[in-house]
Protein chains: 2
Amino acid sequence: MKIRFYNVRILTMADDFRVTRGEVQIKGNRIAYVGEEKHTREEWDREIDGDGNLIMPGFKDAHTHSAMTFLRSYADDMPLLDWLNKQVFPREAKLTPEDICHLSKLAIMEYLTSGITANFDMYLTPDTIAEASVTCGFRTVITGGMNDFTQSLEEMEEWYCEYNHYHPLISFQLGFHAEYTTSEKLLAGLAELAHKYKAPVYTHNSESLTEVQQCLDRNHMTPTQYLDSLGLFDYGGGGYHCVHMTEEDLRIFKKRGLYAITNPGSNVKLASGIPPVKKMLDMGIPMAIGTDGPASNNCLDMFREMFLTTGLAKIRERDASVVDANQVLYMATVGGARAMGLLECDTLEEGKLADLILVDLHQPNMQPLNCITKNLVYSGSKQNIKLTMVNGRILYEDGCFTIGTEAEEVYKKANEIVARIQ
Amino acid sequence: MKIRFYNVRILTMADDFRVTRGEVQIKGNRIAYVGEEKHTREEWDREIDGDGNLIMPGFKDAHTHSAMTFLRSYADDMPLLDWLNKQVFPREAKLTPEDICHLSKLAIMEYLTSGITANFDMYLTPDTIAEASVTCGFRTVITGGMNDFTQSLEEMEEWYCEYNHYHPLISFQLGFHAEYTTSEKLLAGLAELAHKYKAPVYTHNSESLTEVQQCLDRNHMTPTQYLDSLGLFDYGGGGYHCVHMTEEDLRIFKKRGLYAITNPGSNVKLASGIPPVKKMLDMGIPMAIGTDGPASNNCLDMFREMFLTTGLAKIRERDASVVDANQVLYMATVGGARAMGLLECDTLEEGKLADLILVDLHQPNMQPLNCITKNLVYSGSKQNIKLTMVNGRILYEDGCFTIGTEAEEVYKKANEIVARIQ
């Protein structure tokens with residue numbers, strides 16, 4: 001498909017947050033041109049009048065458990081351990097791989113409504129997660145969730161090799177669930193894999209105070225220090241949450257180039273705490289933003305996460321000037337793409353993959369146009385997403401999905417699955 | 001107009017958060033029937049197939065400065081005092097009453113997109129605030145913002161008498177800006193007015209630590225204790241923000257039946273702090289939620305405020321089980337209406353005023369339908385608002401406004417005003 005967006009405002013995220021006017025051309029799955037309006041005689045499959053709206057790179061949701069849509073609003077307003085043991089685990093045990101495909105599609109639909117063009121997904125069955133994304137045309141980086149109960153080292157290696165050559169929309173990163181669920185033997189084995197493939201490793205890290213304290217009791221080191229001592233981060237990687245971090249933890253993140261992937265919606269809802277985002281940014285630690293899963297957030301909305309990222313930092317530091325809008329926008333786009341290894345999806349530039357969004361500025365929350373990047377972070381909302389394109393295909397436009405399945409069918413299946421496993 | 005909504009789910013907010021199926025009839029500006037579907041031969045101006053979506057009372061935005069839309073994204077990421085003195089005050093001084101009318105309309109449009117059917121507005125010119133609301137068909141309770149620099153006692157009394165008999169959509173409550181901007185003489189005068197009219201009084205209260213400390217230095221009492229000692233709250237009223245409250249302050253709120261109106265978006269963005277919402281609710285202090293103005297928030301979105309209200313409480317108390325979704329939903333609807341004196345707009349019941357919304361459940365963030373009230377608070381978003389009705393008139397439906405002015409005209413005027421006063 002050849003698609004031309006004209007009469008648009010353009011935020012490339014490669015040009016110091018500058019917004020220009022012009023046009024963007026898509027050929028196949030790539031961005032073919034970004035710049036001033038051209039009046040060529042080329043033939044296009046679609047020419048879209050952007051009406052002065054904003055075209056920019058899609059948001060990257062750098063930590064998800066998509067299929068947990070089935071638990072949305074099932075287990076809220078309860079302490080973390082009750083939530084996990086009484087609500088999450090017993091129901092998860094009843095899921096089939098096919099359920100996970102359907103439930104992931106429901107999450108993908110929500111990502112699209114929020115301008116999210118790729119997710120970094122940790123869940124049980126990579127085959128049906130990949131199936132959901134490929135069917136919908138969505139981009140997913142799957143990461144391992146290995147622990148003592150599910151997923152083995154052998155599977156990790158097999159999946160790493162398979163899903164990095166499976167489909168252009170799918171890739172795979174080594175990963176494990178968390179220090180507190182994974183034996184040292186497994187972790188050492190994963191470190192060997194990381195060395196063998198010179199690959200980064202990702203995991204939940206220092207989400208709760210209890211987790212950090214228990215790791216200190218077991219290993220006399222924090223999770224970051226312990227995992228680093230095993231050689232897991234010798235080729236980089238990152239941590240989800242990173243709420244309770246020591247100075248030494250942050251130095252390791254900096255030294256190894258580890259991504260701190262913040263999940264503020266989940267962290268407030270589960271009362272986990274507020275991470276030191278200002279300090280991380282000041283130190284030059286690379287950062288990204290994730291929604292976490294719909295069981296703990298419950299919304300898969302990058303606008304809410306962006307506001308929370310800056311708002312919570314301001315509260316933590318008691319300073320309204322910290323972690324400004326542009327820093328947050330960078331984390332939600334460029335930072336996310338790079339954290340996930342999607343080096344061709346980070347900015348809106350010629351030659352990059354066409355993962356982009358059109359943001360409706362003709363809405364009261366985007367007016368007046370004093371500063372568009374601040375509008376996005378401080379007053380932006382899902383209703384501003386006019387169009388979401390992944391890999392050159394429009395998957396969402398004006399409230400309608402083009403994902404190979406009817407929306408109502410996805411809702412129906414999700415409700416059937418919930419009814420079955422209750 | 002006679003309008004019938006059928007095939008709807010109904011949340012009356014008068015029935016212990018129960019959601020039922022049925023129909024709702026509107027005749028003129030009142031709710032004429034709520035219950036099971038009827039098959040009468042009555043003639044209707046419109047019969048709306050709700051498609052299983054949710055009809056419920058509109059949200060009440062219990063603290064706003066609507067016309068400050070002109071400052072959206074002008075003055076973010078800076079300390080509070082710089083923000084006020086360098087950005088807000090110099091620009092406010094250049095506003096005309098007509099500007100305030102236009103800028104208020106922009107805010108009203110955003111309220112409508114978020115399912116807000118009434119606001120509690122403190123700003124400079126009640127005449128053009130009322131004009132904006134009446135023109136749009138929106139419901140506004142204006143409150144005084146009296147202080148040493150603007151608005152006098154005489155105006156307070158005049159406005160109290162005038163705007164409570166001006167138009168069915170408009171009412172007025174006594175109020176002043178804050179303890180730190182208002183002399184004791186003026187406050188004593190306002191207390192006299194409150195006694196004369198047996199009227200409640202509203203003000204900004206204990207928003208920042210500095211404010212509380214300075215009041216202690218001046219008066220040897222906290223703002224709540226000081227203002228109560230002057231007799232201002234003898235007929236009730238409320239406080240906006242209420243972030244830094246002592247035990248004694250809370251006892252006064254409880255004793256006087258004062259509404260604590262929380263503004264979490266503004267409180268995080270300006271780094272003011274997190275209020276003790278759990279404690280207030282436990283004590284039975286009546287509560288409501290407001291967005292504050294678009295200069296400090298910057299979004300006028302009750303969904304974001306609802307999530308923040310519960311999320312920040314959970315973080316403050318380090319307990320994921322506190323301030324549950326239903327408590328928050330109550331604050332955002334019934335609590336707000338009662339805080340503002342809108343006793344006929346609180347619930348969806350026969351005889352009440354027809355201020356209501358239709359929430360789109362056919363969206364991925366509202367599925368599966370495990371628990372609709374939790375979905376609203378934890379994953380709801382502006383894009384779920386299908387229709388907003390105020391006083392029996394549909395002002396917003398499927399993204400379109402019916403407010404007597406073209407949306408583009410409102411945006412254009414707002415940008416012109418900004419350009420002029422820059």
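Let's start with B:Thr125. Is this residue buried or exposed? B:Thr125 is buried, because its relative accessible area is 15% and the cut-off for buried is under 20%. Keep in mind that this is a predicted model.

Where does B:Thr125 sit? Look at the loop in chain B between strand S7, residues 116-121, and helix H3, residues 126-136. Its side chain makes a polar contact with the side chain of B:Thr128, at 2.7 Å. Now set aside the neighbours within four places in sequence. B:Thr125 is then in contact with B:Pro97 and B:Ile100.

Next, the sheet. Chain B has an open sheet of eight strands, with parallel pairing. The order reads S6-S7-S8-S9-S10-S11-S12-S13. Which strands stand at the edges? Strand S6 (59-64) and strand S13 (287-289) of chain B do. Each has a single partner strand, so one side of each is left without a neighbour in the sheet. The twist from one strand to the next averages 25°.

Let's zoom in on one pair. In chain B, strand S8, residues 139-143, runs parallel to strand S9, residues 170-178. How many bridges join S8 and S9? Four. On the residue level, B:Thr143 has B:Gln173 in S9(B) as its bridge partner.

Last, a helix on the sheet. Helix H12 of chain B, residues 325-339, packs there. H12 touches S6, S7, strand S10 (201-205), strand S12 (259-262) and S13 of chain B. The direction of H12 makes about 100° with that of S13(B).

Methods:
Residues numbered from 1 in each chain as written. Chains lettered and ligands numbered in written order. Predicted model: local features only at pLDDT ≥ 70, side-chain atom pairs only at ≥ 80, totals over all residues. Heavy atoms only, no water. Helix = DSSP H or I, 4+ residues; strand = E, 2+ residues; numbered from the N terminus. Buried < 20%, exposed > 50% of the residue type's maximum accessible area, 1.4 Å probe, protein only. Polar contact = N/O pair within 3.5 Å; in protein donor to acceptor, adjacent residues only side chain to side chain. Contact = heavy atoms within 4.5 Å. Pairing = 2+ DSSP bridges. Axes fitted to C-alpha atoms, helices over the stretch in contact; angles between N-to-C directions.
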